[in-house]
Amino acid sequence: MVTRDGRRRVTISDVASHAQVSTTAVSKVLRNAYGVSEAMRAKVQAAIDELGYRPHAAARAMRGRTFTIGVVLPHIRNPFFADILDGLNEQIAGAGYQAIIVQGGSMDPDSEGRAINALVDRQVDGILIVAPVLARARLEEMARSTPTVVLGRHDRSAVYDSVLDDDEVGAELAVEHLISLGHRRIAHISQKDSGPARSVMWLHTIRARTYERVMTEHGLAEHVAVVATSYTEEGGYQATRELLAREPRPTAVFAGSDQAAFGALAAIHEAGLAVPGDVSVAGYDNARVTALAHISLTSVDQDGAIMGRTAGRLLLERIIEGRTSAVRFSVTPTLVTRRSTAPPRG
């Protein structure tokens with residue numbers, strides 16, 4: 001095959017010959033497969049750089065691939081999603097893949113379904129769905145024809161792969177931390193359900209129920225206060241305004257997401273109160289922006305980059321290697337304490 005300027009296009013066989021390795025070894029390096037030594041990776045990469053090799057997407061697509069991964073996000077404003085996408089792109093770029101991102105419509109199953117259909121219609125090779133609200137049967141129907149990874153759901157499937165955080169451990173870390181500081185009036189900002197029932201497979205339900213359990217175990221059931229809103233800055237802001245209007249007001253707020261916690265910080269500041277002097281605030285996700293000096297938010301770290309990289313690896317295993325058995329990968333969270341939490345006054 002020749003390029004438009006008449007030069008012969010460099011092939012994977014040329015790279016293998018130049019590096020004095022097999023084409024299989026080159027393929028493994030290109031898709032970031034496990035079992036490739038650093039020496040082998042360096043040798044192949046040097047040959048790629050010297051020869052100027054670039055995967056020919058058009059030719060590969062004719063063999064049944066588009067070399068795109070579809071990503072469905074509840075919305076695009078959550079900074080934690082950027083950490084997931086960074087990890088995903090890091091994993092799939094070496095195999096010549098790119099991500100196509102669509103917004104699913106937060107807690108609206110119909111909007112989410114349309115977003116997924118749009119990706120399927122564009123013949124993406126695989127789909128990553130972050131915190132979906134669609135029924136498992138609908139997800140499995142899609143996964144039978146398109147390799148799929150679901151991130152953030154706690155239900156099990158034999159059809160699609162799952163990447164999730166141990167949300168019970170994470171919520172317990174946050175609430176135990178606030179109690180250990182001496183807080184008793186601890187409130188929680190959760191997310192509204194898309195239906196009439198609280199589904200145990202949704203992460204916000206697990207975080208809220210864990211908060212209630214830990215409070216009860218410490219004899220603080222009378223102080224349980226949950227405001228169900230949305231995991232957005234607006235939702236966190238409105239929920240915190242409602243909490244601050246109560247008498248007595250809470251001395252600490254555990255928000256189910258960092259984005260909701262940002263809204264809580266804004267509401268507390270607007271009310272003329274200090275963080276953490278008057279109200280401590282803890283979030284969930286540990287998005288990179290939480291470490292900025294003017295935010296310094298205590299947050300549960302579930303490592304979005306690892307989640308994204310793992311999702312990318314699982315998708316490539318299905319697409320390239322043909323794996324069909326379901327994999328379930330769980331992240332063990334940790335708590336990162338910063339200046340937004342401190343003992344209550346008095």
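Guide: Tyr-97 is buried, with a relative accessible area of 4%. The model above is predicted.

Visitor: How is a residue judged to be buried or exposed?

Guide: Buried means under 20% relative accessible area, and exposed means over 50%. At 4%, Tyr-97 is therefore on the buried side. Phe-67 is buried too, with a value of 5%. Gln-20 counts as exposed, because its relative accessibility is 72%.

Visitor: How is a pair of aromatic rings described?

Guide: Such a pair is described by the distance of the centres and the angle of the planes. This structure holds one aromatic pair. Its partners are Phe-67 and Tyr-97, with 4.8 Å from centre to centre and 40° between the planes, and the pair is tilted.

Visitor: Which parts does the pair tie together?

Guide: Phe-67 lies in the loop between α4 (57-62) and β1 (68-73), and Tyr-97 in the loop between α5 and β2 (98-103), so the pair ties together parts that are 30 residues apart in sequence.

Visitor: Where are cis peptide bonds found here?

Guide: One joins Glu-247 and Pro-248, with omega about 0°. Pro-248 belongs to the loop between α10 (233-244) and β8. Another cis bond runs from Val-275 to Pro-276, and there omega is near 5°. Pro-276 has its place in the loop between α11 and β9 (280-285).

Visitor: Which residues lie nearest the centre of the largest cavity?

Guide: They are Pro-74, Phe-81, Ala-131, Leu-203 and Tyr-231, out of 29 residues that line it. The elements giving two or more residues to this lining are α5 (79-92), β5 (161-165) and α9 (203-217).

Visitor: What does the lining of the largest cavity hold by class?

Guide: There are 16 nonpolar, eight polar and five charged residues in that lining.

Visitor: Let us take a single residue. Where is the place of Ser-257?

Guide: Ser-257 is in the loop between β8 (252-255) and α11 (258-270).

Visitor: Is Ser-257 buried or exposed?

Guide: Ser-257 counts as buried, because its relative accessibility is 1%.

Visitor: What is Ser-257 in contact with, leaving aside neighbours within four places in sequence?

Guide: With those neighbours set aside, Ser-257 is in contact with Tyr-231, Gly-283, Tyr-284 and Asp-285. Tyr-231 was named above as one of the residues nearest the centre of the largest cavity. Within its own stretch of the sequence, the side chain of Ser-257 reaches the backbone nitrogen of Ala-260 at 3.1 Å.

Visitor: How far apart are Ser-257 and Ser-111?

Guide: In sequence they are 146 residues apart, and in space 22 Å, taken from C-alpha to C-alpha.

Conventions:
Residues are numbered from 1 along each chain as its sequence is written. This is a predicted model: local features need pLDDT of at least 70, side-chain atom pairs count only at pLDDT 80 or more; totals for chains, interfaces and linings use all residues. Side-chain values use heavy atoms; hydrogens and water are left out. On a 1 Å grid over the protein atoms alone, a cavity is a set of points where a 1.4 Å probe fits but cannot get out, and a pocket is an open set with protein on both sides within 12 Å along at least five of seven lines; lining residues have an atom within 4 Å of a point. Helices (H or I, at least four residues) and strands (E, at least two) are DSSP runs, numbered from the N terminus. Ala, Val, Leu, Ile, Met, Phe, Trp, Tyr, Cys and Pro count as nonpolar, Asp, Glu, Lys and Arg as charged, and the others, Gly among them, as polar. Buried means under 20% relative accessible area, exposed over 50%, partly exposed in between (1.4 Å probe, protein chains only). Contact means heavy atoms within 4.5 Å. A polar contact is a pair of N or O atoms within 3.5 Å; within protein, one must be able to donate a hydrogen and the other to accept it, and residues adjacent in sequence count only if both atoms are side-chain atoms. Rings of Phe, Tyr and Trp (its six-membered ring) pair if their centres lie within 6.5 Å; planes under 30 degrees apart count as stacked, over 60 as edge-to-face and the rest as tilted.
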